[in-house]
Amino acid sequence: MIQDIAPHVYNNAYDPARKPTPESYALCYDRQRVLVKRDRDTFDFPRFKDLARNNPDIYESAIYLFAIDDEDFFLVEHITTPAPSPFFMENTQAFRGARPRYLAFAAITGWQLARWYASRRYCGRCGKPLRRHEKERMMYCDNCHQMEYPKICPAVIVGITNGNRLLLSKYAPSPDHPGTRYALIAGFTEIGETLEETVKREVMEEVGLRVKNIRYYKCQPWSWSDTLLVGFFCDLDSSDAITLDRNELALAQWFEREDIPLQDQEHATLTMEMIRYFKTGKA
């Protein structure tokens, strides 16, 4: 999955006192795009030394994000690139399969933090400006003492099994989901709900089935939607007749293990790993 970057080591400890050097990575975002340069089949980010001449205040305005191995990554804003420039803005969706994997993970993790910083400039309670906290990754209001932490939304991915069969679905077409790939049942956890209760509710709402023997598989941070995805397998506990929620899904279908389609070789997602895990007889 996209966070599996070993032997590289991700360190997200908050360290606001850390300052960039000329060799530090500079992550610059514009909506859903990030500044990169391409070298055949790989990519890289600009270093501070690449941008400093055109952006004299870049060192003072940078926000420390995280480190991978001994490399520091900082958020920078309103950057002017040199002309001509080897750098261009790349859509973050491109990083689902980009190489090197550890930089792809840095790109989308940085984008999650960049969106959070951009949306937490003012207090939602009193409207006063927020400031970065000196000890935690938190935006703090000196006026009313409101504390704003990075947004993380728990959601479940559900592999519903019925003997040798697995239920696959396709999303109803939307800008976020073109509806062309098979997926598993998924949904966000609601207030006051356990993850296991989310599994049962989402399965009933989307395909009208009851399930039992809910068992945890693995979890995944999914920065595109500020989500922590939690994967579960469970067994059918009712008739296998599907009642489809057509507002959410275009299709839901049972597949025998050997007939499960692997429509691509993408290894970034928890969904694809779970489908492949069942198909190879491990679940």
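Select Arg132 first: in this predicted model, Arg132 stands opposite Met139 in strand E9. Next, colour strand E8, residues 131-132, and strand E9, residues 139-140. These two strands run antiparallel and are joined by 2 bridges.

The open sheet of 3 strands is then complete, in the order E8-E9-E10 and with antiparallel pairing.

Proceed to the cysteines. Select Cys123 and Cys144. Is Cys123 buried or exposed? Cys123 is buried, since its relative accessible area is 6%. The closest cysteine sulfur to that of Cys123 belongs to Cys144 and lies 3.5 Å away, which is too far for a bond; a disulfide requires two cysteine sulfur atoms within 2.5 Å. Then select Cys126 and Cys141. Cys126 is likewise in no disulfide, and its nearest cysteine sulfur, in Cys141, is 3.5 Å away. Cys126 is partly exposed, with a relative accessible area of 30%. The structure as a whole holds 0 disulfides.

Finally, turn to the second largest pocket, whose volume is about 480 Å³. To find its centre, select Tyr10, Asn12, Thr109, Gln112 and Ile152, which lie nearest to that point among the 19 lining residues.

Definitions and conventions: Residues are numbered from 1 along each chain as its sequence is written. This is a predicted model: local features need pLDDT of at least 70, side-chain atom pairs count only at pLDDT 80 or more; totals for chains, interfaces and linings use all residues. Side-chain values use heavy atoms; hydrogens and water are left out. Two strands pair if DSSP finds at least two bridges between them. Helices (H or I, at least four residues) and strands (E, at least two) are DSSP runs, numbered from the N terminus. On a 1 Å grid over the protein atoms alone, a cavity is a set of points where a 1.4 Å probe fits but cannot get out, and a pocket is an open set with protein on both sides within 12 Å along at least five of seven lines; lining residues have an atom within 4 Å of a point. Grid points are joined across faces, edges and corners, and a volume is the space filled by probe spheres set on the points. Buried means under 20% relative accessible area, exposed over 50%, partly exposed in between (1.4 Å probe, protein chains only).
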